[in-house]
Amino acid sequence: MEPVLIPHVREPNSFTLDSYLTHQGYEGLKKALTMTPEAIIDAVKASGLRGRGGAGFPTGLKWQFVDKKVNKPRYICCNADESEPGTFKDHLLMERNPHLLIEGCAIGCYAIGSTVAYIYIRGEFLHVQHILERAIAEAYKAGHLGKNIYGSGFDCDVFVHRGAGAYEAGEETALIESLEGKRAQPRIKPPFPASAGLYNCPTAVNNVETLCNVPPIITRGVEWYTSVGPEKNGGPKLFCVSGHVNTPGVFEADMHVTVRQLIYDYAGGIANGRQLKAVIPGGSSVPILLPSQIDVAASFDALQKAGTLLGSAGMIVMDDTTCMVWVAKNLLHFYRHESCGKCTPCREGGDWLYKILDKIERGEGTMKDIDLLLSVSDNIAGKTLCAFGDAAATPVLTTVKQFRAEYEAHVKEGRCTCPADWRARTPVGAH
Amino acid sequence: MSFHPDLPYATAFQESDRKLSPEGEAFSFTPEQRQKFEELASHYPPEQRKSAIIYALFMVQDRIGYLSAAGMRHVAEVIGCTPADVEDVATYYAMFYKQPVGKYVVQVCRTLSCALKGAERVTEEIANHLHIAPGGTDASKTFTLLEVECLGACDRAPVVMVNDGWHECLKPEDAVKLLETIKASGEAGLSGCVHAVEGK
C-alpha cells in the first residue's frame, strides 16, 4: 500500500512545513473548516478509525461523547507519552512528520469545539519536542494555527507539555493528572474524561497516530479510508518491529498484512540465520504468539481472535536462543518499576512476581514457585483501577502457559537452560 | 513478617531508599529563567499554574544538576503551592534526580528489545570500566550510570541516553569507547536519533 502517514519521512527536511505542503499538507484542515463539527465527527465515525494507542476504541465515538452542553472549555490531549516496550511509531511520526500531528490536533479541536490542544510528550523525547515546537512555530507563522484560522473564525492553540519519565502517564486519566501538575496516577472512572477530564472539563485524549489518521480521512474521504484494510480495521497502520530481526523499524501497511509478512518480508527475517521462537505482537502487555500462529492478519479483530491483541502494534521478535523465563523477568522488572503504586495488587504483586521470577531464573526456584506465579498474577489481573495490572500479569501468564517446560527445566537443572550467546559468557547469577 | 505465606516480606528490597534531598545552596531562578517559566505557565489557564511544575523542576535540575530542597522550595514559591506538593511530584518521575549526579548521566535502556540486543552487556562493560554499580557515580563525578526502562527507539537497540542526548545502536564492545569520546568531546560524541524506515 502507498504510505499515507509517513510518505516522505526518508527525505531530508521532511519535518519542515515546506516539505509537508508538497504532500497535501493542511488541506485536511482547510476542508474541515468548511464543514460543520458534527459532519467531521460523522466522517470520523463512518471511517471506523480506531484508537491507535492500544485499546482500539472508535475515535468518532470518543469525540461524540465529549460533553458539548456544559458551559466549560473543552480540551484535546494528545497522548505522546509513548513508553510501551517495543513501540516507537509516534516517535517517528513526531520526529519526521510533526505537521501531520499538528493538523490532526487542529481538526480534532474544531470537531469537539475546543480551542486548545496539549501534546503530552514523554520527557525523554526532548530532541523530538524541539522538532515539534519548531513545527508549531512554523504553523503559527503561516496561519495554520492561532486566531481566526483561514478567516473561518476558528481559533486554535497547540502546546507541547513535557513529561518527566513515567510509563503510567500513557493511561488517559493519569496523563490528565500529570498535565494538571500532579503524580501520574489513574483516576477512578466514571466520570470519564469526555465529561470530566482536564481541569474537570470535557476532554478527549487521543494517541499521536490516531490524530495523524484524521487529516487523510478528511482529505481523501471516508470511502477511500474504509477501502484500506479489512472491514472494521480500516486505514493505514504503523507497525514497529524490533528484537531479533535483520532490519528492525517502523513499517506502514494496511491491516491485511500478516504477522509473518511483517517479520519476514518487512523486517527481513530472523537475524543470524536463527529460527523464530516467539513474538509479542502488541507491545509488552499482550500474550505471545508461537511460530505456528503467525499467519494471522495484524489487525485488531484478527489478533483478538487469535488470543492476543494488536495493542500498540509494537512487535518484539525473539529467536530460539531466548530464555522465556528471562523475558518474563525482564518485563516484570519494567512493570515493577513503572507501577504508579496507587492500587495494592499491582504495586505489591508486580514486585512479588519479579522476585519469584528472579529466583527461578537464577536456578533457585521450586515447582511450587511456578504455581505461585500464576496465583499472584491471578490476584493482580482485573483488580486494579487501570489496565496496567492486567498488562503486568500478562507476560507471566503467557510464558508459563506456552513455555512451562522451560520454567520446570530451570527448577530441575538449577540453572538457566538456554542462555543467549552473549549471556552464556557470564555465569548464571551474574546476568 | 509476610503478607503472602510464601514470600519473605519486608526484607532488604522493600526498605525504602528514599532520602530527603540535600538542602543545597540558596536557590532562585535567574530573571531569564523566571521569564521563561512565566511564558510556559501562560500555556495553561491562569488558575492552573501548577500544570507547569515539571518545566519548573527541569529548570532547577538543568542549572544545579539535581533537585535540592532549596530548589524545590523556590519552585513552590513561584507556583504558589506547598513544598510538600512539589516533593510529591518530584519524587514520582524517573527523570528527576534527588541527589547530586555526575556531569554525564549515562542511561542504558534495559527493557526487552534492547536487552535482546545485549543491553545487559552494555551496562556490564560501563560498570566494569567505571568501577561502579548501576545507580552509582564514579570517583571523579564525571559519569553516573543508570539503567532505565524502554526509551521508545527499539529499532535502534541498544539505546543509551546521555543527559538529554541519545546514542543508538551501541554495541557492547563499543561502550567503553563511547565513554572516552564523551570525556573528550562531550555530548557531541553521541550518534543522535536516526530511525530506520522501510518505505514499503
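Predicted model: local features only at pLDDT ≥ 70, side-chain atom pairs only at ≥ 80, totals over all residues.

The sections below take up the fold, the domains and the interface in turn.

## Fold of chain B

Chain B has 200 residues, of which 40% count as buried. When contacts within chain B are taken between residues at least 6 apart in sequence, 60% of them join residues that are at least 24 apart.

## Domains

The domain assignment divides chain B into domain 1, covering 12-90, and domain 2, covering 104-189. Taken over C-alpha atoms, the centres of domain 1 of chain B and domain 2 of chain B are separated by 27 Å.

## Interface with chain A

Where chain B meets chain A, 44 residues of chain B are in contact with 55 residues of chain A. On the chain B side, the elements that contribute two or more residues are α2 (53-64), α4 (83-90), α5 (112-116) and α6 (119-130). The most is given by α5(B), which supplies four residues to the side that touches chain A.

Sorted by class, this side of chain B consists of 24 nonpolar, 10 polar and 10 charged residues. The count of residues in contact is one description of such a surface; the size of an interface is often given instead as the accessible area lost when the parts come together.

Conventions. Residues numbered from 1 in each chain as written. Chains lettered and ligands numbered in written order. Domains from an automatic or database assignment. Contact = placed C-beta atoms within 7 Å. Nonpolar A, V, L, I, M, F, W, Y, C, P; charged D, E, K, R; others polar. Buried ≥ 20, exposed ≤ 12 C-beta atoms within 10 Å, placed from the backbone.
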